[in-house]
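Let's take a friendly walk through this protein together. Have the model open beside you as you read.

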Amino acid sequence: MSRYDDVCHLCYAPEVATDQVALMAERLQLKALEVVNFRDYCRHHPESACVLWLDGEGLALREVRPDAPGPVRVDFREAGMTWRVQHGGGAGEMIARACGLRRQAGLTVLDATAGLARDAFLLASLGAQVLMCERSPLILALLEDGLSRAAVDTALTDVFGRMHLLSGDAISRMHQPDLPEIDVVYLDPMFPQREKSARVKKAMAAFQGLLGESDDGAFLLAPALQLARRRVVVKRPRLAACLGDIKPDEVISGKSSRFDLYFPKKRR
């Protein structure tokens with residue numbers, strides 16, 4: 001279940017231009033509220049689960065609770081992300097092998113569950129054209145903000161030029177006739193966190209807390225198999241059940257996660 005309906009405010013710091021706030025609040029249909037002290041806001045608005053937060057560093061998601069982590073942003077320039085690009089773009093990682101990018105560059109990948117677009121960024125850094133589909137208006141706004149801020153980094157211009165954001169439901173998008181030819185459909189559906197979740201990074205914890213657990217991942221597999229020319233790649237926790245209980249054609253496993261591969265030509 002999503003908590004998007006509980007995001008009732010667009011909170012902004014005093015240094016943010018009010019015209020920028022007004023445009024965003026109207027687009028997302030949120031009430032804008034200037035906040036000088038976020039702790040005071042939390043005390044006075046216990047009914048809020050999350051807020052969209054806008055300050056001099058950009059747009060972020062903030063949970064409203066005493067022990068909540070700080071702002072969660074889409075930041076493609078953070079040290080961990082840029083390090084991967086500077087050291088081969090993740091060519092040696094499982095995702096590169098799973099999507100077939102070791103054998104052929106320049107594939108077109110539809111990331112049907114974009115989320116915070118970390119995997120999409122990695123795929124684009126490996127030379128893929130990546131179409132990122134996101135249905136949540138709030139997460140879409142975070143992605144747009146992250147891409148806009150990252151665009152000033154000239155060293156990554158080519159990478160961001162291969163990342164294309166699509167709004168709307170992925171299943172509907174996959175049935176649209178104007179899509180380019182898709183070589184790979186990549187699925188990373190939200191899954192329930194294990195009880196031992198202390199190690200989960202704050203970004204994913206807040207993100208999963210906002211959108212809730214997804215139960216429609218299995219419905220993405222059938223249209224993905226119809227659309228993909230080469231393969232459908234599904235990222236799963238290592239011990240989780242197969243998506244829709246459909247056995248994959250190949251599995252690439254790591255310590256905590258795995259990639260289930262489905263080859264459309266074998267199933268048509």
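The paragraphs below look at strands and then cysteines. Please keep in mind that this is a predicted model, where local features need pLDDT of at least 70, side-chain atom pairs count only at pLDDT 80 or more, and totals for chains, interfaces and linings use all residues. Residues are numbered from 1 along each chain as its sequence is written, and side-chain values use heavy atoms, with hydrogens and water left out.

Helices (H or I, at least four residues) and strands (E, at least two) are DSSP runs, numbered from the N terminus.

Now look at the partners of strand 8. Two strands pair if DSSP finds at least two bridges between them. Strand 5 (residues 108-111) pairs with strand 8 in the parallel sense over 3 bridges, and D111 stands opposite Y186. Strand 9 (residues 231-237) also runs parallel to strand 8, joined by 4 bridges; here R231 is the bridge partner of V184.

Further along, strand 10 (residues 250-253) and strand 11 (residues 257-262) run antiparallel with 4 bridges. A hairpin through 3 residues joins strand 10 to strand 11, and V251 has D260 as its bridge partner.

Finally, the cysteines. C11 counts as buried because its relative accessibility is 0%, whereas C242, at 25%, counts as partly exposed. The structure holds 0 disulfides, a disulfide being a pair of cysteine sulfur atoms within 2.5 Å.

Technical notes
Buried < 20%, exposed > 50% of the residue type's maximum accessible area, 1.4 Å probe, protein only.
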